Each structure stands twice: as structure tokens, then as C-alpha cells.
Amino acid sequence: MIVAGVDFGTLSVRVTLMDCTTGATLGGAVAGYPLKRSAADPLLGGQSHDDQMAALTRAMREAVANAGIDGTAVAALACDTTGSSVVMVDENLEPLADYYMWCDHRAHHEAAEITALGRAEGLEALDWCGGTYSHEWGYAKVLHFLRHNPGLRNRFATALEHCDMVAAVLCGIRDLSQLPRSICAAGHKWMWGAAWGGLPPQDFLSRVDPLFDGINDKLSGRFLTSDQLAGHLCAEWADKLGLRAGIPIPVGAFDAHWDAIGAGAHPGDITNVVGTSTCIIAMGPQGFPPVPGLCGVVPGSVLPDWTGIEAGQSATGDVFEAIAKRASRAVGDLCAEVAHLPPGGSGLMRLNWDNGDRTVLVRSDLGAVTLGWDLNHSAADEMHAAIEGMAMHVRIITERIEQGGMTTARIVNAGGIPQKNDLLNQIYADVLGREVHVPAHSPTGTGSCIFAAVAAGAFDSFDAAQAVLCPPARVFSPRGGYDDLFALFRDLYFGLGQGQALDLGAVLPRLRAYRLGGAAARA
Ligand SMILES: Nc1ncnc2c1ncn2[C@@H]1O[C@H](COP(=O)(O)OP(=O)(O)O)[C@@H](O)[C@H]1O
Ligand SMILES: O=C(CO)[C@@H](O)[C@@H](O)COP(=O)(O)O
């Protein structure tokens, strides 16, 4: 049986075709679409629905062609997308404007208003999102749209997450009350929770702004986990994509969540999806509580019977890229220069707040701090400190997840960067004091193939599908040496991050000692 996994990223969509019997990838293709930015409005990150769907058509046809199969042999199709990437539509599901992509940050006032009132009123749903409503999330974007587009308010019928819009369009769903609503998207970005009856109370939203009156009725639909079907491929889109009408399409979800499944993660594992930024995904037991700073905790968001936990770092590869660019060097070259350094050997400690802090401080206003500079430091030293800083930040997040009652089974490094940077994988293992499991080859698209395969009935469990479709793992074993440095990092992370004064006289000599120790170790 052959299935198609579709992964809508920020700049392109990738289609992957896999054989469920052998686990082989038969073919794949990528097609791009523009992310609309504006010098006049630097917070805007827009994208056209038509551009996305045209790219899907191109990528699907190319993938089928290069796999050398007949498109009618594809037995199911599943789509993951970024999020919260939101489109406002009319009653015919026609977009009223471009998507507010996840990286669109125009709605920061609206998010702050939701957070302030939610905290003042002790809104339970907010606790499950980590206690702060983000400017990247759905309700903030809807309110921004309604405030700034008075002429379109009458036509506004509903808003959809990208994964739900794609599924609805492909299935030809027109009845708004039947729209698929991914619990992954609704739970992590729209404060949806079965425990409090679904969306947050309408009267709370109306108190944020009367423009929200009636919004929850408009957000109706079938709120489902991704083991359930959104529907079946409609004739119109079967024709466009060159596939067979009627094949099943499961409810979609976010890319990072399905990346974790594609990388072979199981309940109890913590998966770092390391790319331009990092999404950290875990699956805890049922009953896992809300934990401050984790955004968020959503039963069923990754796998149906487990509690999905999401956390993250606002910039990872972007930080490496910025350091390399300032030195007119390549990231990989700088890493090769410092691959031999022992723990703390650069003598620098870097708090990677270049794009704020998503987890656990939840402060978008922070900027990066690097301590310990002397006249001999190079960009390569800073790169080493940046990788160590990322790893130590991951350890803080891991500890926070464990405070909720999860015992970590394995650390999995997924996403693009672990495929090209073994120094990073090794430092993560050393800092975390645990084995780090890295897929032996890139599993991009494997997650969506797994959800498609289960929808098609090729496997009777996600475990069984992962056993056949996921790549084996390379394992990086911990060499230790980081516990003291991490204790210092943790003091600085919480101290500086929460506005406490810093005793440089106590910190800098310790960093210098690490540098000198490193030099001695090299001699
Ligand atoms: N050798 C490398 N080591 C670490 N990061 C790298 C390396 N080469 C490129 N990068 C960074 O990887 C990021 C892209 O990550 P990737 O996972 O491929 O994409 P995305 O996050 O868009 O899915 C960029 O920020 C880039 O600067
Ligand atoms: O934040 C989420 C999910 O919550 C991601 O969709 C978002 O970071 C997009 O990441 P990518 O650009 O696909 O690496």
C-alpha cells in the first residue's frame, strides 16, 4: 500500500510517498510559495491560500511522477502544517485575506489583552497554555483582523488553522458546522480543552472585546484527534492532484508534532525538532497537569491516548546563522573549528535570547546576552557557546516537563539541523547527560505518511506504523562534564531573565577558568 504525506512548511510544501510494506520512500517533491513580508509593516507574515494549493498540486504531481507510480495507487493522504497559521473565510470558505502565518506578529496588543484579562479572571484555559497567550495564536489574530478590517466583518464566517483549511478544501467540506478542527491546533493555540467543555467561555472573550461576540459559534466544527478522519478526497481535488477520489484524509496537525512521530518518538520521549527555531514535543501520561511556561499541555494533541506537551526556543538555526553572517563565515565551518573544545572551553556563556524566550520564561522582549569576552575570542568561540547555550536551555525545558510528572525515556533530535551537525548532537547528549537519538536519515514527511497509513488501515496502531516507516536512530552517548556549568547557566537564565542583578565578579572568573582549563586540555 502507498500513502502520501504532505508537510506544509513556512516557505514550501513537501510531498512524500511511502510504501507501507517495505517502509521505502518511493518519491518526493517540494514546491515553494512566497511568504509576504512588508518593510512598512515588519510584523506581517502573510501567505496566499491559492499559492499554497497551487504548490501542493505541483509537488504532488511531481512526486507521483518521480516515484514512477500511478496516482490512483495512493491509498490515503495526510497533511501537517505550521501553526498558528490562520485564515479568515466567508461562508463559502473563500479567504477574506491572506493567511496570518505563525510568524506574523501583528497581533501582539490583542494577545496582551487576552493574557491580562485571562490572568485577572483566573481563566483555567490560559494555565494550560503556559499562562501567557501568544501573539502567534488564533484568537489574537482574529481580533486583529476584525479590528483592522471593519469592511469585512459582515462577511467573516469563521477562521481556520492551516491544517484544517487544507483538509476541508481537499475533502470538499462546505458545511461550516462540519469543518474538521484539529485538537492539536485548537488545544495549543485556541485554548480548547475537553476538560472545560471546548473553547474558552464566550463571555470571557466578549469582555476582551465586544468584537468577539458570537465568535465561538463561528468556530464550530468537529474537534478531533488525528486518528479520526477529516473526510475523503473530493472529486475536484482528486482530479487536480492526479489521485483517486474517496481516499481517506485524517484530521491534520502541526508539523513539529508529526515530525516527532516521524522521527520515531514514543510516549515518554522528548523530541527537539531543531531548525530555524526549535519546537520541543513530548507525550506524557493522561492526567499530566498544566505546567507554568509550557505552551501548552493538550490531551490527544500528538497521539490520541497521551497528553501532548509543546515547548520551544524562539530561535536556534537563526542564531547560528546570525553569528556566522556577522563573521562572513558558514555555520558548518565555524563548528568544525571548535569541535575539539571541552565543556565551557570557549570561556563564553551565551543566553540565546536573540528572538526572545518562548519557554520557560515566555518573554518576547528579551535580547541575547554573552558573558566572558576577551580580546582573543572568535566567532567560532561564540558558536560553541551558542550551541552549549541551546543545549542548556533544552535541559531547563526538560526539567520543567519532568516537574509535571513525566519520566523522560529518550531524547530524540529531529528536524533539519541534527542531520547536518553532529557537534550539536554530541553537546546535547553531554549537557543533558542522556543518550540523544538522531534519525539515521531525514524523516521529513514520514510523520504525515504515518498518519495517512493509519487512516488507510495499513497498520492497526501508530507504534506498528512507526516500526516500519521510521528510520533507525544513530545514538550519541553522554560524556558528562556539564553539571557545574549548567548550574551556573540556570542561575543566570532565571536571574537575568527575571530581572535580578548580576554579580559579574562571581561569574566571570568561573568562565575564565573554563577557558584556561580548555586551553590546558588542548595543550
Ligand atoms: N551546519 C549547520 N549547523 C547548524 N545549523 C545550520 C547548519 N547549516 C545551516 N544551519 C541552520 O539551519 C537552519 C535551517 O534548518 P532546517 O531544519 O533545515 O529548516 P527549517 O527550520 O526551516 O525547517 C537555518 O537557520 C540555518 O542557519
Ligand atoms: O510553532 C509551531 C507549531 O506550534 C511550528 O508550526 C512553527 O514553529 C513552524 O516551524 P517551521 O518553520 O516549520 O520549522
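1. Helix α11 supplies the largest share of the shell around ligand 1, namely four residues. It should be kept in mind throughout that the model is predicted.

2. The shell around ligand 1 holds 13 residues, of which Thr276, Gly317, Glu321, Gly416 and Asn421 come nearest. By class, the shell divides into four nonpolar, six polar and three charged residues.

3. Several polar atoms of the protein lie beside oxygen atoms of ligand 1. A polar backbone atom of Asp318 is 3.4 Å from an oxygen atom of the ligand, and a backbone N or O atom of Gly416 lies 3.1 Å from an oxygen atom of ligand 1. From Lys420, a polar side-chain atom lies 3.3 Å from an oxygen atom of ligand 1.

4. Ligand 1 has 580 Å² of accessible area on its own, and the protein covers 67% of this. Two or more residues of the shell come from each of α11 (317-326) and α12 (331-337).

5. Elsewhere, five strands form an open sheet with mixed pairing, in the order β3-β2-β1-β5-β13. Because β3 (25-32) and β13 (253-254) stand at the edges with a single partner strand each, one side of each is left without a neighbour in the sheet.

6. Within this sheet, β1 (residues 2-8) and β5 (residues 74-81) pair in the parallel sense over five bridges. Gly5 stands opposite Ala78 in β5. Helix α1 (residues 49-67) packs on the sheet and touches β1, β2 (12-19), β3 and β5. The direction of α1 makes about 150 degrees with that of β3.

Technical notes
Residues are numbered from 1 along each chain as its sequence is written. Chains are lettered from A and ligands numbered from 1 in the order in which they are written. This is a predicted model: local features need pLDDT of at least 70, side-chain atom pairs count only at pLDDT 80 or more; totals for chains, interfaces and linings use all residues. Side-chain values use heavy atoms; hydrogens and water are left out. A residue is near a molecule or strand if one of its heavy atoms lies within 4 Å of it. A polar contact is a pair of N or O atoms within 3.5 Å; within protein, one must be able to donate a hydrogen and the other to accept it, and residues adjacent in sequence count only if both atoms are side-chain atoms. Accessible areas come from the Shrake-Rupley method with a 1.4 Å probe; for residues, only the protein chains shown count as cover. Ala, Val, Leu, Ile, Met, Phe, Trp, Tyr, Cys and Pro count as nonpolar, Asp, Glu, Lys and Arg as charged, and the others, Gly among them, as polar. Two strands pair if DSSP finds at least two bridges between them. Contact means heavy atoms within 4.5 Å. Axes are lines fitted to C-alpha atoms, for helices over the stretch in contact, and angles run from 0 to 180 degrees between N-to-C directions.
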